[in-house]
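Let's take a walk through this one together.

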Amino acid sequence: MSTTTPAPGGTGPAVLVRGARILGGEAADLLLSGGRIADVGPDLSGAPAARGAEVVDATGLVALPGLVDLHTHLREPGREDAETVESGTRAAARGGFTAVHAMANTDPVADTAGVVEQVRRLGEEAGWVDVHPVGAVTVGLAGQQLAELGAMADSAARVRVFSDDGKCVWDAVLMRRALEYVRAFDGVIAQHAQEPRLTEDAQMNEGEVSALLGLRGWPSVAEEAIIARDVLLASHVGSRLHVCHVSTKGSVEIIRWAKERGFPVTAEVTPHHLLLTDELVRDYDPVFKVNPPLRTQADVEALREGLADGTIDVVATDHAPHPAEDKDCEWAAAAMGMTGLETALSVVQHTMVETGLLDWAGVAQRMSTAPARIGRLEAQGRPLAAGEPANLVLLDPAARWTVDPAAMATAGRNSPFRGRELPGAVVATFLRGRATVRDGALVEPAGTAR
Amino acid sequence: MSRHLLSAADLDHAAAVHVLDVAEEMAATQRREIKKLPTLRGRTVVNLFFEDSTRTRTSFEAAAKRLSADVINFSAKGSSVSKGESLKDTALTLQAMGADAVVIRHPASGAPHRLARAGWTRGSVVNAGDGTHEHPTQALLDAFTIRRHLRADGAPTGSGTAAGPGSATGRDLDGLRVTIVGDVLHSRVARSNVLLLHTLGAHVTLVAPPTLLPVGIGGWPCEVSHDLDGALRDGAPDAVMMLRVQRERMSTAGGGFFPSAREYSRRYGLSAARLRLLPEHTIVMHPGPMNRGLEISADAADSPRSTIVEQVGNGVAVRMAVLYLLLAGDLGGRA
Ligand SMILES: [Zn+2]
């Protein structure tokens, strides 16, 4: 029964999704109307509200709440040659996302209310997903002085996640102050854990492969030392810490230790760190150059285990598009980063679901519910139940596809999965009841002529 | 058939011995009145140097010219290389010029791999030293020098049977003990030598302070020691190779790898006293350029054991062999 008020921004005709396996469980119908899930039941075809609704046959498809990315680089403003909010959010919708957090390392840096509001507005104009800007912790990401965190929190962008991502807030006093300060508005500091002196000019994971390749090593201790310090600081001041893109076994162990003690810590892992290792660097192809670097198989195993047992709360893409010329060069000169929005769900299916480490409910928790909660997004990451906002993704777990960066919506061609066959395809994405993706293809908003 | 020489690991045992044998033939032609061979007439070899190294460049240039190849020297040092993109553009330019082989020296580890694998050039790529990765022709000339001194007929550790007097043709370095001393971490010479000398059957020992050995060295086919006196006295090496140590590495900005030049020299330099620990037949090597008084004393550098000057001459023969096999023969090997 449809008894709820329309969700803000919810538009379009009613949609009846038939026979979707909700969180991979029993097949059910979902009726989407007025931007909300009006009803869920075994057979809604006869429901009065379903009359005239557009019908989506979801037989064999899994329904999950719309995915939420805590870590996306949309590059705008400043690096529109790499990505725009428009192209990046199209990629997000195609990947099954209904919300992304846009990282602050733009040009200008998102360290003022003005810039975060601009990014927010660009996201609204694009209309593919909800764009939640991340605010910089320090002015210009310079690690010297706190940015006006309160102004960004109070702005129309309602920033709750703050990060100097790409740079580590390495000064212990500054990190302490940031953690303390954002408590006033329930913010969280998302730390890019990288001890700068131990990683000067670092090129790849420090170990057997770096020794042979003669590339400057990026020791795991550089990440782990900062995480160890920060979990202790978070506990000391009682503030929320989120650890970005955890990449080592030791980091997982430190976070597990902190969580056992009830420290207010959450953590994320990227899809690429769940699958790829530093062995791929042997040919010096910069498509595999990323920060933090690809590690070893033992680290991959520990990350999967940590994600399965809840030590790591979230899968976040760290989607980092770069123009071709920033990768089409020798390793040391290349930019760090990989695209990820359009492959994330498939990589998680491959590494976590098909290995039996997670079921679909577990995937929903880690790719939607938990990131939405960490970002304090009230209308995202909600259960697929009557009355909830109609943000959801339908995926075909039986599909197989070969990754072709040229066919992606992102402007970046730097996918490390290129040429790989992956399982699982996003068939449809709904943002407040409107299909942004149908039959695997983007659906242009009505009334626009793009 | 292998088209490139990017790493010493590209050469298996047979290929490595074959290169050394062809280098012997090349060296023999260089003792003749007319040194020039017509083998590569009409072929173009480009020396693409993104880093200053007159020594290596002139060695390759001489090798290519003595094989009658056309040589283009392309020095890109200090230009717009910082962006890296120019490696691709330069490669495309050279491709357009019809380069049959590109000899590349580059400050970035792996640059030759990119050149060979990214489809920017159809020519053969020879790694003439990339960053802190490898310098395979240096290892070949070192192996050539070692073989001549220690494996030729009549050599103190050589076997007594084979072709002509003084010939080492067909032989490897089986059982020889080679000690490599110094800044292994930053040394492309050390990496290539460990791989090649191991392929040829030698026992390699690396000696360095722990700061100048890479983390992850455990998988290398060699022994590791921090005690030079012990390695020289108890290891009884047949060859000792001293690596260049850059003074700037002792400063904090340079990484703080050792406290002072004096301490480095005291602990890891080849002094006159250490020279006396060596067996009589042991040769002393250095890839150059040397820091006299830091990693090597004048006594060692100028002693009759020293092969340092000879190494330079052997470089031309070895590089002739590599260019010949890549462009007109078959390098063989693993790649
Ligand atoms: Zn980061």
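In which loop of chain B does B:Arg244 lie? You'll find B:Arg244 between strand E8 (239-242) and helix H8 (261-268) of chain B; helices (H or I, at least four residues) and strands (E, at least two) are DSSP runs, numbered from the N terminus. Before going further: this is a predicted model, where local features need pLDDT of at least 70, side-chain atom pairs count only at pLDDT 80 or more, and totals for chains, interfaces and linings use all residues. Residues are numbered from 1 along each chain as its sequence is written, chains are lettered from A and ligands numbered from 1 in the order in which they are written, and side-chain values use heavy atoms, with hydrogens and water left out.

UniProt, in an unreviewed entry, puts a "binding site" feature at B:Lys83, B:Arg188 and B:Arg244; its positions follow the numbering used here, feature names are shortened, and annotations may be inferred rather than shown by experiment. B:Arg244 counts as partly exposed because its relative accessibility is 34% (buried is under 20% relative accessible area, exposed over 50%, partly exposed in between, with a 1.4 Å probe and protein chains only). Its side chain reaches the backbone oxygen of B:Pro289 at 3.0 Å.

Now hop over to chain A and its zinc ion. A:Asp165 (OD), A:His192 (ND1) and A:His245 (NE2) coordinate the zinc ion at 1.8 to 2.3 Å; donors are N, O and S atoms within 2.8 Å of the metal (3.2 Å for Na, K and Ca), and with water not among the atoms, sites may look incomplete. Along the chain, the donors follow the spacing D-x26-H-x52-H. A:Asp165 sits in the loop between strand E9 (161-162) and helix H4 (172-181) of chain A and A:His192 in the loop between strand E10 (188-191) and strand E11 (204-205), so the pair ties together parts 27 residues apart in sequence. As for A:His245, look in the loop between strand E13 (241-243) and helix H7 (249-260) of chain A.

The unreviewed UniProt entry also gives A:Asp165, A:His192 and A:His245 as "binding site". They are spread over 81 residues of sequence, yet they cluster in space, with a largest C-alpha distance of 10.0 Å.

Are these residues buried or exposed? A:Asp165 counts as buried because its relative accessibility is 4%, and A:His192 is buried at 2%, as is A:His245 at 2%.

Terms used:
Polar contact = N/O pair within 3.5 Å; in protein donor to acceptor, adjacent residues only side chain to side chain.
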